[in-house]
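Colleague: I would like a close look at a single part of this model. Please take me through it step by step.

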Amino acid sequence: MFQKCYLPKDKPAYDKGIACYTVWFGDQSFQGCWINPMPSLQQCEKRKCRADASSTTGINFCCCFGDQCNAEYSTA
């Protein structure tokens, strides 16, 4: 089940942005919203959640912008 993400109304959001994320290892995955300063979100893609294929630990992370953009995720 996906959650709808919003910027908090009680805190100033001058430089904040919101993205969806997925972290996975094998068949376990965790998904949610990521609220962070915009420079931290530069790695996120638009509408697709793709992780860098060079993970040496087997732990993958991707982030993206758009409603339910992390419904499907993959490595590049």
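Which residues do ring pairs link into a cluster?

Modeller: Ring pairs join Tyr-21, Trp-34 and Phe-61 into a cluster. Keep in mind that this is a predicted model.

Start with the whole count. The structure holds three aromatic pairs. One of them is formed by Trp-24 and Tyr-73, and this pair is tilted. Its ring centres lie 4.6 Å apart, with 45 degrees between the planes. The pair bridges distant parts of the chain, 49 residues apart. Trp-24 sits in strand β1, while Tyr-73 sits in strand β6, residues 73-75. Trp-24 has a relative accessible area of 10% and is buried. Tyr-73 is partly exposed, at 32% relative accessibility.

Now the cluster itself. Trp-34 and Phe-61 have ring centres 5.4 Å apart. Their planes stand at 90 degrees, so this pair is edge-to-face; the cut-off for that label is over 60 degrees. Again, distant parts of the chain are linked: Trp-34 belongs to strand β2 and Phe-61 to strand β5, 27 residues apart. Phe-61 is partly exposed, with a relative accessible area of 31%.

Next, the sheet behind these strands. Four strands make an open sheet with mixed pairing, in the order β2-β1-β5-β3. The edges are β2 (28-37) and β3 (45-46), and each of these pairs on one side only. Strand β1, residues 16-25, runs antiparallel to strand β5, residues 60-65, and five bridges join them. Trp-24 has its bridge partner in β5, and that partner is Asn-60.

Asn-60 counts as buried because its relative accessibility is 12%, and the cut-off is under 20%. Its side chain reaches the backbone oxygen of Gly-58 at 3.4 Å. Leaving out residues up to four places away in sequence, Asn-60 touches Thr-22, Val-23, Trp-24, Ala-51, Asp-52, Ser-55 and Thr-75.

Ser-55 is placed between β4 (49-51) and β5. At 29% relative accessibility, Ser-55 is partly exposed. Its side chain makes a polar contact of 3.5 Å with the side chain of Thr-57. A polar atom of the Ser-55 side chain also lies 3.2 Å from the backbone nitrogen of Gly-58. For a sense of distance, take Ser-55 and Cys-44. They are 11 residues apart along the chain, and their C-alpha atoms are separated by 16 Å.

Last, two loop residues with backbone angles to note. Arg-47 has a phi near 70 degrees, a positive value in a residue other than glycine. Arg-47 lies in the loop between β3 and β4. Its relative accessible area is 52%, so Arg-47 is exposed. Gln-68 also has a positive phi, near 55 degrees, and is likewise a residue other than glycine. Gln-68 is found in the loop between β5 and β6. With a relative accessible area of 44%, Gln-68 is partly exposed.

Definitions and conventions. Residues numbered from 1 in each chain as written. Predicted model: local features only at pLDDT ≥ 70, side-chain atom pairs only at ≥ 80, totals over all residues. Heavy atoms only, no water. Pairing = 2+ DSSP bridges. Buried < 20%, exposed > 50% of the residue type's maximum accessible area, 1.4 Å probe, protein only. Polar contact = N/O pair within 3.5 Å; in protein donor to acceptor, adjacent residues only side chain to side chain. Contact = heavy atoms within 4.5 Å. Phe/Tyr/Trp six-rings, centres within 6.5 Å; stacked < 30°, edge-to-face > 60°.
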